[in-house]
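Open the model in your viewer and keep the selection tool ready.

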Amino acid sequence: MRLGLALLGLLLAIMPAAAATLTISGEVTYLERIALPPDGVLRISLVDMAAPDQPRVKAEGAIATPGQVPLTFRFNLDDKVIATDRQYGLRAEILSGLQLWFRNAEPVPVELTATENLRVLVNFVGEARAAPVDTGPLLGVTWTPVEIGGLPVRSDESTLSIGADNRTGGRGGCNSYFTQARLDGALLSFAPVAATRMACAETIMAQEAVFFAALAETRSWRIVDTRLELLGLDANVLMRLAHSSP
């Protein structure tokens, strides 16, 4: 459910409404399975990357209930507040009262020529605890990709298996490979892949390349219906996989 954000206190003293010429908009989300607080507040700051702890523009507003991510934001500012020769970024924070729950460690770079539909991934820094995630359905299964990067692939070429000890391997397409999974609840990443060096048809090698690239970019996982989805840093779906046929 997408939630609107009522933005408040947008440095009106130095930013008359009539002079606003630049719009910044986007979404804030997180991967942890933690419900937003009922009194949650989203704070968005535009910062100079050279001095990220000194926001140029700051806005915040109450999160509509029921609180679910992603949260949408949109605000206008006078382009005189910023300098074209500086690099800027966005910092997002979710608070409950005076307690900070979520924050992105590094500001997300903002190009002043493309300031809409931005995505900010924040991480949990508070005291609440995520609901436990059953990793059983992920492990001890041979998965075959049906889609990588939104495009269908030959499911009989590549495989993925993660053991109970997190040892991971299978067939990239042409070559056998192995790696080590780092699994913590819904979070998942893989160490660099080691693979054999056989050469195959160009189409198979191309699928192997995107398959290995998706593994390298994986940051979390989920199962939707019976399919495994590997997600990237901004929660985008990198690859969808199905159970391999016996």
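## A tour of rings and a helix

Select Tyr 177 and Phe 211 first: both are buried. Bear in mind that this model is predicted. The two rings form an aromatic pair. Now look at where each one sits. Tyr 177 belongs to strand S14 (residues 176-184), while Phe 211 belongs to helix H1 (residues 202-217). The pair links parts of the chain 34 residues apart.

Next, select H1. Its 16 residues should span 22 Å at 1.5 Å a residue. The end C-alpha atoms lie 23 Å apart, which agrees.

Which residues of H1 are buried? Colour Ile 204, Gln 207, Glu 208, Phe 211, Phe 212, Ala 214 and Leu 215. They cover an arc of only 155 degrees around the axis, so they are on the same side of H1. Turn to the other side: Glu 202 and Thr 203 are exposed there.

Back to the rings. The structure holds six aromatic pairs. Select Tyr 30 and Phe 102: their ring centres are 4.0 Å apart and their planes are at 15 degrees, so this pair is stacked. Tyr 30 is in the loop between strand S1 (22-29) and strand S2 (40-48). Phe 102 is in strand S6 (residues 99-103), 72 residues apart from Tyr 30. Tyr 30 is buried at 7% relative accessible area, and Phe 102 is buried at 0%.

Terms used:
Residues are numbered from 1 along each chain as its sequence is written. This is a predicted model: local features need pLDDT of at least 70, side-chain atom pairs count only at pLDDT 80 or more; totals for chains, interfaces and linings use all residues. Side-chain values use heavy atoms; hydrogens and water are left out. Rings of Phe, Tyr and Trp (its six-membered ring) pair if their centres lie within 6.5 Å; planes under 30 degrees apart count as stacked, over 60 as edge-to-face and the rest as tilted. Helices (H or I, at least four residues) and strands (E, at least two) are DSSP runs, numbered from the N terminus. Buried means under 20% relative accessible area, exposed over 50%, partly exposed in between (1.4 Å probe, protein chains only). The expected span of a helix is 1.5 Å times one less than its number of residues. The arc is that of the directions from the helix axis to the C-beta atoms.
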